[in-house]
Amino acid sequence: MKLEITSEIERFNNHLNLLDNNQIIFSGIFGIGKTYFLKEFFETKNEKYESFLLSPVNYSISQNDDIIEYIKYDIAFQLLSKNIDFEKADFSKLLTSQFYLKENFLDTIALLAKNGGKIGKALGDIYKNLKELSNNIKTHHLEAQIDEQKELIDFLKEITLKDNSIYEENRITELIAGLIEKLKENSKEIILVIDDLDRLDPEHIFRILNVFACHFDLPNFTKNKFGFHKVILVCDIDNIRNLFHSKYGLNVDFSGYIDKFYSREIFSYNNKEIINQSINKIIESIKFTGSYEHLIDFKNHGKISTLNFKELIQDLVNYDLMNLRTLLKLADKEYDFDFFQFKTNENSRNAKSSHYKKILIFDFLVSFYGSVTSAKIALAKLSERNPSKMIDKYDITRYENLIMLLDYKNHENNEGNFDYKNHNLNLIITYSISRSFQGEICCEISNFAHIENPLIKRLDFPFSQLLKIAFEEYVNLIKIK
């Protein structure tokens with residue numbers, strides 16, 4: 001399912017276009033849709049950017065020293081799919097033979113002398129002596145030289161040729177950098193994206209960071225690793241911070257460490273507005289098997305059950321308890337309601353779950369969270385983060401199904417007037433239970449107020465806290481299949 005992300009695309013594009021913004025941290029919580037967004041972004045902006053998207057999650061089983069080799073492998077693999085004219089030199093045999101003879105003259109004479117009889121044997125002995133003498137002269141010549149600059153250069157070359165060095169600049173690295181320079185001829189910005197950084201082992205994370213950081217620290221290095229115009233590190237910056245303090249201690253300054261990895265400011269990706277705009281579209285795509293429109297119809301935006309479900313989803317999204325990845329699991333989902341009967345106690349008559357819209361919504365919530373425990377944890381956290389809502393006398397009608405389930409042990413599906421009291425929340429709700437001609441149980445709230453002063457109506461309704469309690473009642477239903 002395609003989401004409308006135009007506003008975020010333009011916001012991120014403006015961020016990339018900031019002057020000298022060559023190192024970028026793209027931060028967002030797990031499951032918020034960072035990968036989805038970046039793929040869509042670079043497809044939308046493919047005339048301007050040439051991107052290399054790497055996801056090093058699979059590197060976790062490798063040795064720490066190998067991590068950069070795997071990054072080079074992935075870059076090289078993607079280079080093969082780019083429109084690059086790879087160089088291929090074809091030298092003639094005559095030319096290569098001349099170079100060989102020039103570099104290996106004494107060895108060639110000795111090889112020919114082997115077939116020269118006594119004269120050849122004598123030349124062979126002379127060759128050995130000449131070879132040894134030549135090597136001794138070269139050694140003495142080199143030892144006699146004093147070139148401090150050359151010694152330093154040789155040392156630096158030795159370090160950069162090591163594969164596991166953070167300064168490694170071996171032949172493959174140079175080849176990759178050269179090919180990227182060729183890509184720049186297309187007048188596009190060449191961008192390396194390292195995705196899911198914080199899903200790696202901590203040792204791998206800091207290995208990658210340190211390799212890229214070494215280029216930022218040295219005054220002679222004015223380019224990113226491999227010559228990319230921009231390098232984007234994708235993660236949840238809070239996770240990186242926690243891992244950093246776990247590794248180095250709480251007293252070590254994280255800001256001083258991390259600020260070298262971004263040029264301007266950390267880009268915080270927040271798609272809550274996008275998700276909220278997409279909720280209707282996602283909910284409407286759910287396919288219920290059978291004819292249950294009289295119970296729940298998510299295409300009917302005026303139906304109380306639809307409003308209840310949409311409100312619950314929006315709250316879970318806004319308080320970081322449901323991410324885009326989880327929400328998209330609902331898209332085009334086929335769902336079959338699980339109907340059952342239940343008792344309020346061992347002696348009460350049976351009630352039908354189909355009469356309780358909140359039971360059906362809780363069933364659905366459990367199905368896509370994957371378990372009762374996961375759904376319970378999410379609702380518990382929601383009650384902590386958003387304990388109450390400001391409502392009026394018209395809004396209260398949205399919560400009548402909630403109260404009917406919440407207090408079912410009190411009314412026991414009997415008609416009449418009832419009070420739900422919660423001393424912990426200082427809340428009293430007066431409501432009535434009735435039955436329709438079809439036998440369906442209905443609830444109507446007439447008043448909600450403080451227990452201490454029932455005459456004063458409350459404006460703050462503890463929706464999420466009551467929702468958590470109602471879910472506990474739902475879990476403890478005495479089900480009769």
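Predicted model: local features only at pLDDT ≥ 70, side-chain atom pairs only at ≥ 80, totals over all residues.
Residues are numbered from 1 along each chain as its sequence is written, and side-chain values use heavy atoms, with hydrogens and water left out.

Let's start with the helices. Helices here are DSSP runs of H or I with at least four residues, strands are runs of E with at least two, and both are numbered from the N terminus. Helix α12, residues 272-284, packs against helix α13, residues 304-318, at an angle of about 155°, with the axes 10 Å apart. That makes α12 roughly antiparallel to α13, a label for angles over 145 degrees. The axes are lines fitted to C-alpha atoms over the stretch in contact, and angles run from 0 to 180 degrees between N-to-C directions.

Who touches whom? On the α12 side we have Lys272, Ile275, Asn276, Ile279, Asn280 and Ile283, and they meet Phe309, Lys310, Ile313, Gln314, Val317 and Asn318 of α13. Contact means heavy atoms within 4.5 Å. By class, the α12 contact with α13 has six nonpolar, four polar and two charged residues.

Now the second pair. Helix α15 (residues 357-369) and helix α16 (residues 372-385) pack at about 105°, with their axes 8 Å apart. These two are therefore roughly perpendicular to each other, which is the term for 65 to 115 degrees. Phe362, Leu365, Val366 and Tyr369 of α15 make the contact with Val372, Ser374, Ala375, Ala378 and Leu379 of α16. Here the classes come out as eight nonpolar, one polar and no charged.

On to the lysines. Is lysine 389 buried or exposed? At 14% relative accessibility, lysine 389 counts as buried; the cut-off is under 20%, with exposed being over 50% and partly exposed in between, using a 1.4 Å probe and protein chains only. Lysine 389 sits in strand β10, residues 389-390. Leaving aside neighbours within four places in sequence, its contacts include Glu311, Asp315 and Tyr399.

Lysine 303, in the loop between β6 (287-288) and α13, is partly exposed, with a relative accessible area of 22%. Again leaving aside neighbours within four places in sequence, lysine 303 is in contact with Glu293, His294, Leu295, Ile296 and Asp297.

Notes
Parallel < 35°, antiparallel > 145°, perpendicular 65-115°, else oblique. Nonpolar A, V, L, I, M, F, W, Y, C, P; charged D, E, K, R; others polar.
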